[in-house]
Amino acid sequence: MSLQGISSPSSTSHGIAAFVTGTDTEIGKTFIASALLARARMRGLTTQGLKPVASDCFENHDGLVNADALSLQAQCTPPVDYEAINPWRFAPAIAPHIAARQAGVVLEAAAIETHIRHQMITASRDFTLVEGAGGWRVPLNDVEDFSDLAIQLGLPVILVVGLRLGCINHARLTLEAIERDGLEIAGYVINHLEADIEVSEDNMATLSRTLRVPCLGVVPWLRDDMSDSRHAAERAASYLQLPCGLESRSEHVLED
């Protein structure tokens, strides 16, 4: 299916694309991004997930790789080379700008933007997600943050909210920062980080009342299913809706 020509603030001549950020680190940002890609893939759309910068990498037969980038790669259809998904990668499990500095690499938003735009042109997909690192104001270097990359790309933002104590404050502050930066909010996803969270229903109701942007889904605790990241993402996909009107448009694919 080709979505070229769709008129939407989030659409480009190469399909629908969005930037994924989170309320904090370790709140399931990659898991939700993979699940959204899985939902699009299972609805007949072409997909790709990009994580241009990653620390906490490890060596395998292909060299230095990152588990989050591999999870996104597993949801790409047609397949995408790892180098295109994650060209800047560092071994230490520390903030990316510090890991880059230790490796003698300067991360620059302009260079990363150029890579992403090239990838979106040469590997056009119906649905592309670009994942940042950590939260909205995680630094890229001494003067730029990951939010500057999102601003330069001009993509709508999907906010992943890890449901835990303090998430309401983090979600509202992050949303306010994104809006002040002039970007569209494609929606937010609530990801349960524990099996039982006290007053979770009250927290979700408060998020719905205060965020006032589309909720793309609430994913329950699926930790028992995380040993197989591809299967876990496909299972979580059933709790989500695609952003930017893509959900209703992809229904036509199922009917064809």
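In helix α8, the residues S200, N203, M204, L207, T210 and L211 are buried, where buried means under 20% relative accessible area, exposed over 50% and partly exposed in between, for a 1.4 Å probe and protein chains only. Seen down the axis of α8, these buried residues fall within an arc of 140 degrees, so they line one face of the helix; the arc is that of the directions from the helix axis to the C-beta atoms. The model is predicted: local features need pLDDT of at least 70 and side-chain atom pairs count only at pLDDT 80 or more, while totals for chains, interfaces and linings use all residues. Residues are numbered from 1 along each chain as its sequence is written, and side-chain values use heavy atoms, with hydrogens and water left out.

**Helix α8**
- The twelve residues of α8 (residues 200–211) should span 16 Å at 1.5 Å a residue, and the end C-alpha atoms are 16 Å apart, which agrees; the expected span is 1.5 Å times one less than the number of residues.
- Helices (H or I, at least four residues) and strands (E, at least two) are DSSP runs, numbered from the N terminus.
- E201, D202 and R209, on the other side of α8, are exposed.
- The cover over the buried residues of α8 includes β9 (157–163), α7 (167–180), β10 (185–192) and β11 (215–219), with contact meaning heavy atoms within 4.5 Å.
- R212 follows α8 and has a positive phi, near 55 degrees.

**Largest pocket**
- The largest pocket holds about 870 Å³ of space; a pocket is an open set of points on a 1 Å grid over the protein atoms alone, where a 1.4 Å probe fits, with protein on both sides within 12 Å along at least five of seven lines.
- Its lining comprises 33 residues, of which T25, E26, G28, T30 and D68 lie nearest the centre; lining residues have an atom within 4 Å of a point.
- Two or more lining residues come from each of α1 (29–42), α2 (67–73), β8 (127–135) and β10, and α1 gives the most, with four.

**Backbone features in loops**
- E26 is in the loop between β2 (15–22) and α1, and its phi is near 60 degrees, a positive value in a residue other than glycine.
- At 67% relative accessibility, E26 counts as exposed.
- C244, in the loop between α9 (229–237) and α10 (246–255), has a positive phi of about 60 degrees although it is not a glycine.
- At 17% relative accessibility, C244 counts as buried.
- The peptide bond from T77 to P78 is cis, with omega near -5 degrees, and P78 is in the loop between α2 and α3 (82–85).

Definitions and conventions
Grid points are joined across faces, edges and corners, and a volume is the space filled by probe spheres set on the points.
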